[in-house]
Amino acid sequence: MATGYDPQEIEARWQRVWDEDRLYQADESSGKPPYYALHMFPYPSGDLHMGHVEAFGLADAVARFARFQGKEVLNPIGWDSFGLPAENAAIKRGVDPKAWTYTNIETQAATMRRLGFAFDWSRRIHTSDPSYYRWTQWLFLQLYEAGWAYRKDALVNWDPVDQTVLANEQVIDGRSERSGAVVTKKALTQWFFRITAFAQRLLDDMGQMEDTWPDRVLALQRNWIGRSEGAELTFHVQETDEDVLVYTTRPDTLYGATFFVVAPEHPRARAWAQQGGVADAFDGYLERVRSRTEIERLSTDRDKDGLFLGVHAVNPVNGELLPVYAADYVLLEYGTGAIMAVPAHDQRDFEFARAYDLPVRVVVQPEGGAAALDPATMTEAVPGAGLIVNSGPYDGLPWAEAKQRITADLEERGLGRFRVNFRLRDWLISRQRYWGAPIPIIHCPTCGEVPVPVEDLPVLLPDPQDVDFTPRGESPLASSPQFLKVDCPRCGGEARRDTDTMDTFVDSSWYYLRYVSPGRDDVAFDREAVDRWLPVDQYTGGIEHAILHLLYSRFVTKALHDLGHVSFTEPFQRLLTQGMVLMDGHAMSKSRGNLVQPKEVVDEFGADTLRATMLFAGPIEDDVDWADVSPAGMFRWLSRLCRIADALVAGSPVPEAPDAALATTTARTVAAVTDDYGSFKYNTAIAKLMSLANEVSAATQKGLSRSQVEAMEALLVMLAPIAPHVTEELWHRLGHDTSIHTSAWPSFDPALLVRATRRVVVQVDGRVRDTVELASGTAREDAEAAARDLPNVARHLEGRTVAKVIVVPDRLVNFVTASQ
């Protein structure tokens with residue numbers, strides 16, 4: 001029989017056995033309670049990095065623990081394999097994006113197998129497979145038929161050199177990551193999903209996850225949805241005799257409006273500039289604004305700038321004429337793209353007013369004895385609550401009451417209404433890319449937009465050899481006549497396919513449904529299997545996906561529910577997010593020269609050492625700095641476990657020699673580690689297992705017993721979700737014929753958790769003077785008497801009067817003397 005610890009040999013051998021036995025394939029007919037453990041699937045850009053190891057190691061521990069608890073676990077794996085890096089490779093190096101993608105997938109898959117993750121590989125999916133994106137296109141058509149997918153003009157990031165649309169992450173400091181050109185905004189016809197129709201439900205249903213999702217994630221989603229209650233008001237542009245709508249959460253400050261601001265991209269802004277005689281100046285200003293990112297425009301650190309358009313808006317409450325400006329700090333995507341500017345009570349408006357010498361009028365005076373605000377001496381805006389002033393008939397009202405009264409009065413006059421607004425905007429899904437799922441719409445001169453019939457799906461990507469990837473201002477798909485030209489399925493006439501592809505977030509918004517029946521080619525997902533496995537019991541992944549991926553998945557689930565395809569409205573019952581892996585306080589990267597590859601650590605110490613090191617480093621939600629951890633120390637501990645197990649095997653333990661103390665320690669460790677696993681405290685679980693290993697080792701020095709073997713077996717099972725290979729090896733060395741990963745979680749006698757005695761701390765005037773071992777539940781009087789009998793306590797009480805005795809049962813006796 002093998003002895004010692006050779007991780008390279010042990011891990012490779014047991015991985016082969018697990019694959020041959022199909023150990024981790026979910027059994028649909030087992031009769032066990034189903035448990036769906038899912039990790040956010042990776043993008044195949046090169047090999048796995050340390051962050052992947054931490055994330056997948058965490059998810060694997062979750063899945064394995066559920067299996068030990070008698071659950072039938074579904075733990076699938078796949079790849080989010082469409083995306084921009086593959087297309088960049090095609091543009092820069094002439095590489096086939098498909099070949100690039102699938103080569104990286106195989107590289108990552110090999111590393112995952114070497115790390116021993118308990119995936120059900122039979123359910124593997126790739127979102128770039130036609131058998132998958134066929135159903136992504138089906139999902140699009142479902143939303144389209146329901147009225148939740150539509151086209152409209154929208155502003156996009158535009159690279160004028162490469163003549164292409166850029167994703168937000170490709171814009172660095174206002175310039176194109178590719179060409180270095182200053183990025184501008186361009187209006188293109190784009191496809192959207194109507195997620196705003198679900199805004200209130202997305203907000204309300206977060207109540208279902210209050211105790212099962214991280215508070216930070218829920219807060220981020222609430223802020224992104226951004227519900228506010230206010231008023232929609234009608235201003236009138238005098239010179240052009242037209243109305244313009246404004247949304248505000250503070251209609252109580254209407255009398256404080258001294259100017260009016262619109263986004264430079266507002267659809268009426270240039271017409272107003274034309275009317276005001278400043279069209280040329282406006283065109284130049286708009287061009288400058290288009291080179292600024294949204295972050296730059298909203299920055300509080302830069303000077304405000306704008307342009308007076310030469311027209312005026314009529315304030316609906318008092319008829320005052322307000323000069324209309326275009327300014328970059330107002331965005332078209334927020335509200336209506338127009339605001340009433342109240343500089344006394346909004347900081348951005350205040351800074352703009354000071355820059356352009358515009359009036360500042362106080363209409364809300366703070367309460368509580370604060371000095372009256374003086375516009376002449378104000379150095380910043382004062383938002384918030386107070387009493388209304390300078391507001392005609394509303395003077396003296398509390399701001400909240402004025403808010404209601406003013407809105408109601410304007411509603412009666414047809415100039416306003418109460419309104420709930422959301423920051424959330426519809427999901428722009430169009431991408432002018434090749435490597436994505438084609439949008440299944442045909443454009444016919446006669447019939448207009450025509451959905452591709454479901455039976456004709458998938459709309460396949462053309463061969464990359466037939467596509468010109470040179471940026472030309474439209475999707476590369478437009479360069480393929482074979483793809484572009486098609487007969488209209490409705491009238492039979494000549495038509496053209498839509499050349500946009502879908503945002504890759506669409507692919508990942510429903511993948512958790514496909515995993516339950518990946519082999520079905522007649523439906524997107526088997527409804528019976530969905531009802532068995534979903535919603536997902538435990539979802540794990542990075543905090544960077546807290547908003548978009550999770551929000552889009554929640555939206556798609558609700559849409560599918562409303563269309564009758566699923567029975568639930570939330571896809572993920574529990575969510576767990578992990579921190580980042582750093583090196584010396586910085587993100588690992590090749591450019592920093594601080595990159596540590598998982599392969600290097602596995603080659604030296606083995607997969608179990610790396611996995612255990614990651615989970616031992618600290619709480620899973622905290623960042624891990626690799627400079628502070630020690631794979632060598634973890635390797636030594638695993639090696640020590642092997643020596644302890646080998647000693648037990650070699651020594652033939654005596655069954656008739658039980659070790660009551662060790663049995664009690666084992667029971668208490670099982671109870672504590674079980675609690676740690678349930679709350680994802682893997683670092684403290686490992687620490688407790690290290691302590692139990694010390695107890696087992698110490699006990700063997702006194703002679704071998706069956707209690708030591710039982711303790712070691714319990715330890716191995718509890719460590720198995722974190723270090724699956726070495727525990728499997730030692731389990732078999734201890735004489736077992738079946739896999740440790742098919743065994744049950746260790747049980748214990750609850751009576752062993754009850755401590756017969758307790759060590760009680762004894763203090764005099766709050767200073768610890770001794771401890772005493774007392775029977776659990778010792779009466780207060782007896783505890784005090786025992787404490788007084790301690791020589792060191794008696795010495796410190798000598799000659800002093802005890803004024804009070806504080807007794808905390810089973811924990812503390814404190815003598816408080818009169819002299820202190």
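## Strands and salt bridges

Let's start in a sheet: strand β13 (residues 306-314) runs antiparallel to β14, with six bridges joining them. Strands here, like helices, are DSSP runs numbered from the N terminus (E, at least two residues, for a strand; H or I, at least four, for a helix), and two strands pair if DSSP finds at least two bridges between them. Before going on, note that this is a predicted model, in which local features need pLDDT of at least 70 and side-chain atom pairs count only at pLDDT 80 or more, while totals for chains, interfaces and linings use all residues. Residues are numbered from 1 along each chain as its sequence is written, and side-chain values use heavy atoms, with hydrogens and water left out.

β13 and β14 form a hairpin with six residues between them, and Gly-319 in the turn has a positive phi of about 75°. Strand β12 (residues 259-262) also pairs with β14, this time parallel and through three bridges; there you will find Val-262 opposite Ala-326. Why is β14 described as largely enclosed? Six of the seven residues of this strand (residues 321-327) are buried, so β14 is largely enclosed by the rest of the structure. Buried means under 20% relative accessible area, exposed means over 50%, and partly exposed lies in between (1.4 Å probe, protein chains only).

Now for the charged side chains. A salt bridge is counted when a side-chain nitrogen of Lys or Arg is within 4 Å of a carboxyl oxygen of Asp or Glu, and by this rule there are 38 salt bridges.

Arg-123 is buried, at 8% relative accessibility, whereas Glu-28 is partly exposed, at 34%.

Glu-28 also forms a salt bridge with Arg-532, at 3.2 Å between the closest N and O atoms. Arg-532 lies in helix α16 (residues 527-533) and Glu-28 in the loop between α1 and β1, so this pair ties together parts that are 504 residues apart in sequence. Arg-532 is partly exposed, with a relative accessible area of 27%.

Finally, look for a salt-bridge network that links Glu-9, Arg-13, Asp-646, Glu-729 and Arg-733.
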